[in-house]
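Hi,

Here is the model I promised to pass on.

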Amino acid sequence: MSSELRYTANTQLEHLHARYTGTGHADLTKFEWVTHQHRDSLASIIGHPPLLSYLAIADGEAIGRLKFEMTERMLQPCGPPPRKDDD
Amino acid sequence: MHLYNLTLQPPTAVTQAVVGNFSGARTQEIIISHGTRLELLRPDVQTGKLSTVIATDVFGSIRSLAAFRLTGSTKDYAIVGSDSGRIVILDYDSKTSSFVKLHQETFGKSGARRIVPGQYLATDPKGRSVMIAAVEKAKLVYILNRDAASNLTISSPLEAHKNNAIIHNIVGLDVGFENPLFAALEVDYSESDQDPTGEAFNTAEKMLTYYELDLGLNHVVRKWSEPTDPRANLLVQVPGGQVASSDRFDGPSGVLVCCEDHIIYRHMDRPQHRVPIPRRKHPLGDPTRGIIIVAAVMHKMKGAFFFLLQSEDGDLFKVTIDHEEDEVKALKVKYFDTVPVASSLCILKSGFLFVVAESGNHHLYQFQKLGDDDDEPEFSSTSYPGHGMADPTAPLPHAHFRPRSLENLALADELESLNPVMDSKVMNVLPNSDTPQIFVACGRGSRSTFRMLRHGLDVEESVSSELPGIPNAVWTTKQRESDEFDSYIILSFVNGTLVLSIGETIEEVQDTGFLSSAPTLAVQQIGADALLQVHPHGIRHVLADRRVNEWRVPDRRTIVAATTNKRQVVVALSSAELVYFELDLDGQLNEYQDRKAMGSTVLALSVAEVPEGRQRTPYLAVGCEDQTVRIISLDPENTLETISLQALTAPPSAICIADMLDASINKAQPTTFVNIGLQNGVLLRTVLDPINGQLTDTRTRFLGTRPIKLLRVQIEQSPAILALSSRSWLNYTHQNLMHFTPLIFESLDYAWSFSAELSPEGFIGITGSVLRIFQIPKLGMKLKQDAIPLSCTPRKFISHPTNRFLYLIEGDHRVLGEDAIDRQLVQMRQAGKPIDEEVLHLPPEVFGRVKAPAGTWASAIRIIDPVEAKTVGIVHLDNNEAAFCLAVVPFAARGGELHLVVGTASDTYLAPRSCTSGFLRTYTFTQDGTGLELLHKTELDDVPLAVIAFQGRLVAGVGKALRLYEMGKKKLLRKVENKTFSSPIVTLNTQGSRILVGDMQDSIFYAVYKAPENRLLIFADDMQPRWTVAATMIDYCTVAASDRFGNIFVNRLDQKVSDQVDDDPTGAGILHEKGQLMGAPHKTKMLCHFHVGDLITSIHKVSLVAGGREVLLYTGLHGTIGVLVPFVSKEDVDFISTLEQHMRTGQISIVGRDHLAWRGYYTPVKAVVDGDLCETYARLPASKQSSIAGELDRTVGEVLKKLEQLRITASGF
């Protein structure tokens, strides 16, 4: 929260952003966007059993293992955030 | 194009199972979720067999399932978390045998989203509340209670959200009657998202958090949160709480936290206990590889409890907790047994363990013992410093066990499952079969199978014996009405009759009163204790004391047809007269004074069984040579009067009236059907109106090439019909639904039901001069499966154009190939390391293979004889090569000789995709196709995922490149290449000089090869990006394809564009045309789109019935087999679409998903009607049926007939 919504005057919109994690806004950085994308995709894979089985078969792992690794990967799907140049 | 989607076999994969007393009776039942379908199974405690009670499509995706019971109740309810954004509570109503939606609470958007709850469910063990959670942030708690009328109530949701938290698992704690407590495994990502150094990510803690629902204040508080092992993945409830009557504790309460390599007992303010997960000591195993628990179940018995936890290798561990009151003394773990890797485990109170396998068949095991007093090593937390928690960050020393065959469990039943279906083909390879078989390559790893599916019921033959002559009919009969089993078998020959008695052995008897010097036309146990034989010259009524009353046919006439039941006998004479007899109250058979002249030779007769408590059945059906069937009254008011008449298209060969329950016509009472078999093999089934005797609602079905014989038999204590033609069919009622299925058995000349102690509902039949006794073990099944074991996960297979063999490639990632194993063993032996031979040679089909690091592959090419159902040859690939695709190619450069080309790659990594080298292996066929000889290997720079024969050459998709290869002496020669694809090529199809290329992420491209200029050009593509999985060409311009998200779609290229491309000899036109939307110059148009809900792995354009229309048959990864049937007329489209619309509005899915939204999950559904939804019309209440039929301007019968016709003409199912 917070910094990414610094310019949002509209508190109602701010509330909605807080409520719906993953919603984008004008000041979204590339890293934030791609991280959201990956988390959404991983959550979707976990939530669709056929897709999860498909990937587990390709990888030769148990479905339970793949589900666990995917959930783990949601913590940081795209590596650490880039360093801020100024501030 | 308009298509009708029909599921022939619903998905067989089970994603979750819960156990409970759902019907409220004493027996426990299991509800299983097939992903898009809910099924209730009832185990038979005596026989140890599972049977399906009901199964319903939910038209949504089920993500979680839980059972709960209100305090003091005896009935369990099921809670379903799905992708509907709603929580649904279901009740199984045993009266109507259906799931009833008790509550449906909306909390969010539909779809399997990150922050919309539905992924996890946890219930309070006392049934007071339920928590439903999303993968991230959202957790909602609902309070469950009962109102004054003891109906279940549900509260509005209470939020227990935590921002920026990824949820790994939740569970309800057992706290007795204190405030309900839920535990969650959460990781907060807010700090790692802000820290560019990556330090926060490395130190991110996984928290075990307790949420307490304060019932008094009606809100949820975060009660306790402590870091736990960062690799924890699963929580298991530990019993707790005090028994009301005494102060004794049921258990210590708390949770088991299953982590990688460890199991931790954890509870608020209590010391922790940690034990290692025991591991196999495989000589080739990687000791640093972690093990996690993938499935767990807790079982409470009187005063004790234990856990069964399953590791990802399939090993079950029994975990026990030593406790004094609520204080844990020790956590103990020991090896229990090895079963298939499960997605859910269920323990039944009757001593069964149901293992819902992740892949392959599901197993029901019976507990033999609980592993209490064996010499299996047990690992206790007390033997480690600080109960294993002296240093929580350091792993405990490894604990080892030796896997062994089942000791504590014994297999009781297996539920067949195709999951996962990797590839399929539809072919007719069997001799004497007029319908094609479906071949599927399914399963995973060492439990993989190759199965042949045939439409029909499996038949189990128990006796087969040769007779001295060729009988033309066979009957069985009891001696008395009250007998349970049959006593005699009567065989009729051309010139005599043979009577056999059924006892310890089956032997001939003489003194039965039956006439043995003449053939027999009918046999009946009549009245209380008499027998009846109809022969061409008379009727013999054999009384209990062996006295015989005989009625003789008038001179120069004979009996040509007869029909009987317990009280009535009708015979037709050669003079086309009918004679009617009825049993009076003294047991005397009396002839009715008049005879009825029919005017045409009678070919077939039938009366129904006498209804319970009645004197007679009022209708007789007579089939005459003049191609008519007449219904004649047997009522005393108007005996032998013709009531109605139906004209036929051919002379009838048999008639059979039977009262059968068909829930789509009448749910409460059996309907009287007149089945008329014609001499041309067509069966007509009409409904006989019981009031006025009129025939209505005629349905036809082609059974085979021979004149039909119809016989009334008993199935599950209700009447059924056996129809014999060139194939034998059984028409029966199972779970209130009418089934009409062929028997997979040799064709029968005659048959009858056979009831003896060993086979209470068997059949007896004759084929030529062989007498057979058989049973039908699996009623309700539509597909019979015959399996061949495979050694690795099958990938693809193809048939050979001239011989009958199938060539299959199989391979497994993270498994060592045979040559690699040998090499490693030699190395170990040289180094003098001890090798545990016993563990090394454990059968892989039970214990799986040892896991190897990523990039390791075991792979083989297998040659299968589908007729004999066996493997005839196998070629193992060495050097860590894995096969990904194959094709049979007639290379023009070698005079059209057929070659097998297999695309392989060595040291393949999946993410990111890489390999040291790809190969195209070219084989020649030897020994009539049972052998393969490697001709040469062509090195490639990437992984080939698709190859296909093309104009005497080979087209291969090598990574992102499409290439054309010509046969060479030492290798294949690359002729032309197109490298404009953005992701790997996964499918190839061709017709003429056109090649359809399925791109992994970018849908289907249309390419053309222009020979004069040697150009391979893309001229059309799709406007939508699609993650293609399978594709097949329907015609030159049209393609049907599926994507990874469970969609199936049809794209078509404009005919004009197609012609224009073909007319351009050099392809210069295409080359210089301007691209559209950053792609090819032309775009295909989407004609149809449908979301199936299962990932479609193969699509075929085939005809499933002899002479029938071609349909698209598809197989889904989870075991779905379905067809898409093109509609033939605009009226059909309008009619069925309108029906679908009514069904949609009238019936909301039981998980609360909107049907239109479900079928249009990713792209709005287009031009496809959901047949599965339409077919639920048959299950609607009669009032609803007629109101929908009224809107359609049809009768209910017409709607049902249309639906049945669509199914039969398309699939024959």
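Glu577(B) has contacts (heavy atoms within 4.5 Å) with Arg557(B), Val571(B), Ala572(B), Arg595(B), Lys596(B) and Ala597(B), once neighbours within four places in sequence are left aside. The residue sits in strand β49 of chain B, residues 577-583; strands here are DSSP E runs of at least two residues, helices are H or I runs of at least four, and both are numbered from the N terminus. With Arg557(B), the side chain of Glu577(B) makes a polar contact of 2.9 Å. By polar contact I mean a pair of N or O atoms within 3.5 Å; within protein, one must be able to donate a hydrogen and the other to accept it, and residues adjacent in sequence count only if both atoms are side-chain atoms. Leu1173(B), by contrast, is 596 residues from Glu577(B) in sequence and 50 Å away in space, C-alpha to C-alpha.

Some housekeeping: this is a predicted model, where local features need pLDDT of at least 70 and side-chain atom pairs count only at pLDDT 80 or more, while totals for chains, interfaces and linings use all residues. Residues are numbered from 1 along each chain as its sequence is written, chains are lettered from A and ligands numbered from 1 in the order written, and side-chain values use heavy atoms, with hydrogens and water left out.

On confidence, chain B has a mean pLDDT (the predictor's per-residue confidence, from 0 to 100) of 93, with 100% of its residues at 70 or more. The model's ipTM is 0.93 and its pTM is 0.93.

Now the interface. On the chain B side, 62 residues are in contact with 44 residues of chain A. Together the two chains bury about 4,300 Å², 56% of it on carbon and sulfur atoms; that is accessible area (1.4 Å probe) lost on putting two parts together, summed over both. Within chain B, Arg114(B), Pro196(B) and Arg444(B) lose the most area to chain A, together 15% of what that side buries.

Nine salt bridges (a Lys or Arg side-chain nitrogen within 4 Å of an Asp or Glu carboxyl oxygen) link chain B and chain A. Arg39(A) pairs with Asp193(B) in a salt bridge, with the closest N and O atoms 3.0 Å apart.

Over all chains, the whole structure has 80 salt bridges. Inside chain B, Glu29(B) and Arg42(B) form one at 3.2 Å, N to O. Glu29(B) is in strand β3 (29-33) and Arg42(B) in strand β4 (37-44), so the pair ties together parts 13 residues apart in sequence.

Cheers
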